[in-house]
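Here is a quick walk through a few helix contacts, the nonpolar cores and some backbone details of one model. Have the coordinates open while you read.

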Amino acid sequence: MPAQRWAAWIGLGLAAVVVLAVLGFYAGRLAMPLPLFAADEAVYLIRALYPDGVVALDPSVASANDGVHLSVIRAVYGLGAPVVVGDRLVNAAAYLAGLALVWRACAARLPRLDQAALGLLALGFPYYRFAFSNLAEGLFVAVLALLCVATGRWYRSRPVVHALLAGVLAAALVLVKPNGIAAVAALAAVMAADAWASGRWRILPLRLALLAASFLAVGNLIQFAAEEPVANPLTFFVSRGYGGDLAMAPPPGAWRVGLLQAAAMASAAAVLAGVPLAVGLTDLAQRRRARRGRFEAEGTELVFLLLALALAATVAMVTLFAMQVAWTPSETKRLWGRYFEFFAPLLWLAAGPALARPVGRRTAWACAGLLLAGLLGLLASFHAGIVLFPWDAGALTAFFRSDPVRAPLNAALPYRALAAAAVLLAAAALASRARPLAAGLGLVLALSALSTSLDHAWTGQMIAQRNALERDLRAIAPALPRAGTVVLLTPDANIDHLVFLRLEARPRVWSGEPGQAPAVELADAAVVLASGPQAPPGPWVRAFQGEELSLFRRQETP
């Protein structure tokens with residue numbers, strides 16, 4: 001084996017060490033007894049396990065009607081597995097399976113070095129914060145991967161079968177997460193673009209009709225089987241909460257917020273996926289010009305186009321949503337990387353055949369330019385007020401810098417400076433004609449190490465609080481009366497959701513400081529749970545004080 005190949009394998013071995021370290025860090029969270037990002041994760045668990053009449057005891061639980069995701073949670077519960085841990089394991093396995101499916105479809109025939117590099121890049125991408133959680137991101141990636149594989153394999157050979165199957169998978173995708181509708185729109189755009197390039201216009205109406213028919217029929221059938229409410233058969237995947245947000249008129253000046261969000265997300269996408277996009281599109285354009293006539297994209301090229309257009313559609317969709325909620329201070333000017341970051345490893349895999357071929361000077365410079373433009377756009381967005389939170393982004397939190405008002409954290413490392421340096425080094429390597437795959441692997445692993453370090457620093461306190469709450473709940477649960485009303489008083493939506501979930505939807509929740517609870521809320525209470533040590537007003541005696549929760553019983557009158 002030549003010395004250059006030995007050096008390449010040694011480099012991949014070192015990369016594998018970093019990947020295993022990141023995987024090990026997040027695998028340790030799979031056994032946590034309570035959800036970490038409770039305000040979101042617990043909503044799906046509560047909505048899956050309890051009917052609306054019971055959930056009404058906690059008015060702060062948001063609506064959700066994602067029939068596939070909720071059915072998976074119910075299946076885990078029905079099997080007798082611990083529902084929080086079991087659902088996490090399902091999502092983790094689904095995410096890894098999704099990456100494996102796309103890797104096998106697009107990279108299995110490449111040289112072994114390229115296969116290994118692509119596999120390490122995909123596994124090293126730090127999306128595990130969400131994929132290894134009770135959110136639906138892992139399941140979403142798996143269904144999206146199935147849609148990609150089905151498109152790559154049967155789009156040409158069996159167009160009718162593909163259209164029907166794609167409609168089924170598209171329906172499942174939007175019922176895992178409603179933002180899957182962006183991928184459905186992207187698939188329709190791929191069909192139209194292919195008809196234009198290949199000249200096969202006659203089959204396009206049939207493809208689109210079968211896709212739409214199976215999408216609507218299967219989607220509504222899934223919702224019916226899952227007993228989830230559907231306000232409109234055409235928008236069966238839109239919950240009451242999202243429907244209400246979308247129905248509102250955007251506040252004045254929302255377009256400015258939308259443009260800023262779009263610029264931030266587009267810049268982030270350029271940093272994370274600009275290289276495979278540039279290489280893949282250039283390779284596709286060269287093949288198109290070489291044919292000088294009708295052009296039919298191959299299976300892996302269709303997968304790449306589907307993912308590229310789905311990324312663009314997702315950024316547009318999230319921009320529109322950001323405009324709708326621009327009136328809420330806590331929601332505005334947030335970089336929601338969770339909704340699109342997972343496209344980056346999938347695009348690297350889908351562009352694998354193009355990345356394995358030699359890249360020309362212009363393409364190399366275009367890749368470097370995209371990285372630099374993305375970095376400048378991100379830095380400008382941060383300067384304009386965009387804020388990073390660990391529950392909003394994964395890889396992008398490598399660019400974190402403390403915000404004294406919205407995101408205070410005394411970070412030990414200059415994360416943003418280090419992440420910017422990693423992007424600059426990758427751009428310089430590309431401009432110097434380094435292989436795009438090698439430069440991309442180095443960049444992804446650098447961002448992965450930084451974001452994982454930030455995750456450890458930021459969420460360490462959150463994990464300690466969740467573990468303390470679990471200890472309190474274990475002590476409190478046996479002390480609750482078998483009959484009678486249990487009231488929970490807390491101003492924290494995370495504690496609210498976690499206690500409601502852990503105590504099997506028994507407490508009636510009042511959101512606010514325990515000492516300010518109105519008498520009417522406590523009139524029929526047998527016991528009161530309160531976050532912190534503060535006692536509720538009235539004749540209540542503390543029976544238990546834990547680290548996060550206190551239990552109060554009504555004082556007996558002599």
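At what angle do helix α10 and helix α11 pack, and how far apart are their axes? Before the answer, the ground rules: this is a predicted model, where local features need pLDDT of at least 70 and side-chain atom pairs count only at pLDDT 80 or more, while totals for chains, interfaces and linings use all residues. Residues are numbered from 1 along each chain as its sequence is written, and side-chain values use heavy atoms, with hydrogens and water left out.

**Two helix pairs**

Helix α10 (residues 181-198) and helix α11 (residues 204-225) pack at about 165°, with axes 10 Å apart. The axes are lines fitted to C-alpha atoms, for helices over the stretch in contact, and angles run from 0 to 180 degrees between N-to-C directions. Helices themselves are DSSP runs (H or I, at least four residues), numbered from the N terminus. α10 and α11 are therefore roughly antiparallel to each other, a label for angles over 145 degrees. On the α10 side, the contact (heavy atoms within 4.5 Å) is made by I181, V184, L187, A188, M191, A192 and A195, and on the α11 side by L204, R207, L208, L211 and F215. These residues divide into 11 nonpolar, no polar and one charged. In that scheme Ala, Val, Leu, Ile, Met, Phe, Trp, Tyr, Cys and Pro are nonpolar, Asp, Glu, Lys and Arg are charged, and the others, Gly among them, are polar.

The other pair is helix α2 (residues 38-49) with helix α4 (residues 67-78). Their angle is about 70° and their axes are 9 Å apart. That makes α2 roughly perpendicular to α4, the word for angles of 65 to 115 degrees. Here Y44, L45, R47, A48 and L49 of α2 meet H69, L70, I73, R74 and Y77 of α4.

**Cores**

Which residues touch the most other members of the largest nonpolar core? They are L144, L335 and F399, in a core of 181 residues. A nonpolar core is a set of buried Ala, Val, Leu, Ile, Met, Phe, Trp, Tyr and Cys residues joined through side-chain atoms within 4.5 Å. Helix α19 (residues 436-476) gives the most to this core, with 15 residues. Apart from it lies another core, of 10 residues, among them V487, A517, V528 and F552. Leaving out residues up to four places away in sequence, the neighbours that L335 touches include A264, M265, F340, L378 and F382.

**Single residues**

Burial comes from relative accessible area: buried is under 20%, exposed over 50%, and partly exposed in between (1.4 Å probe, protein chains only).

| Residue | Relative accessible area | Class |
|---|---|---|
| E227 | 71% | exposed |
| R433 | 46% | partly exposed |
| T459 | 0% | buried |
| M462 | 17% | buried |

E227 has a positive phi of about 60° although it is not a glycine, and sits in the loop between α11 and α12 (240-247). R433, also not a glycine, has a positive phi of about 75°, in the loop between α18 (415-431) and α19.

T459 lies in helix α19 and, again not counting residues up to four places away in sequence, touches R29, L36 and P390. M462 is found in helix α19 too. With that sequence exclusion, M462 touches L36, F37 and W391. M462 and F37 are 425 residues apart in sequence and 9.0 Å apart in space, C-alpha to C-alpha.

How values were computed
Parallel < 35°, antiparallel > 145°, perpendicular 65-115°, else oblique.
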